[in-house]
Amino acid sequence: MVDWNKIDKRWEDEQYCLEAVKQNGHSLRYVKEQTPEIVYFALENSRDIDIDIIKITKDQWLEFKLERPELFV
């Protein structure tokens, strides 16, 4: 389990997290507030991510797919 008190506060910033996972998908484990977009780019960059670190719901993912269909063609 991640101790958020020890993690840099930058991991609370959505833009910082998005850029981090675009560079290394495994950074997802440090993202405090995961969004479907952040998860998408993490998976896009690292297909071997441990599924247990993904903290969005299936409904959030499906809604994201409807909002951004161009990413899923």
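**Exercise 1.** Find what joins the side chains of Arg-68 and Glu-37, and say where each residue lies.

*Solution.* Start with the contact: Arg-68 and Glu-37 form a salt bridge, with 3.3 Å from N to O. The term requires a side-chain nitrogen of Lys or Arg within 4 Å of a carboxyl oxygen of Asp or Glu. Helices here are DSSP runs (H or I, at least four residues), numbered from the N terminus.

A note on the model: it is predicted, local features need pLDDT of at least 70, side-chain atom pairs count only at pLDDT 80 or more, and totals for chains, interfaces and linings use all residues. Residues are numbered from 1 along each chain as its sequence is written, and side-chain values use heavy atoms, leaving out hydrogens and water.

**Exercise 2.** Work out which parts the salt bridge of Glu-12 and Lys-32 ties together.

*Solution.* First, the closest N and O atoms of Glu-12 and Lys-32 are 3.5 Å apart. Glu-12 lies in the segment before α1 (14-23) and Lys-32 in the loop between α1 and α2 (36-45), so this pair links parts 20 residues apart in sequence. Then widen the view: Lys-9, Glu-12 and Lys-32 are linked in a network of salt bridges.

Key
Helix = DSSP H or I, 4+ residues; strand = E, 2+ residues; numbered from the N terminus.
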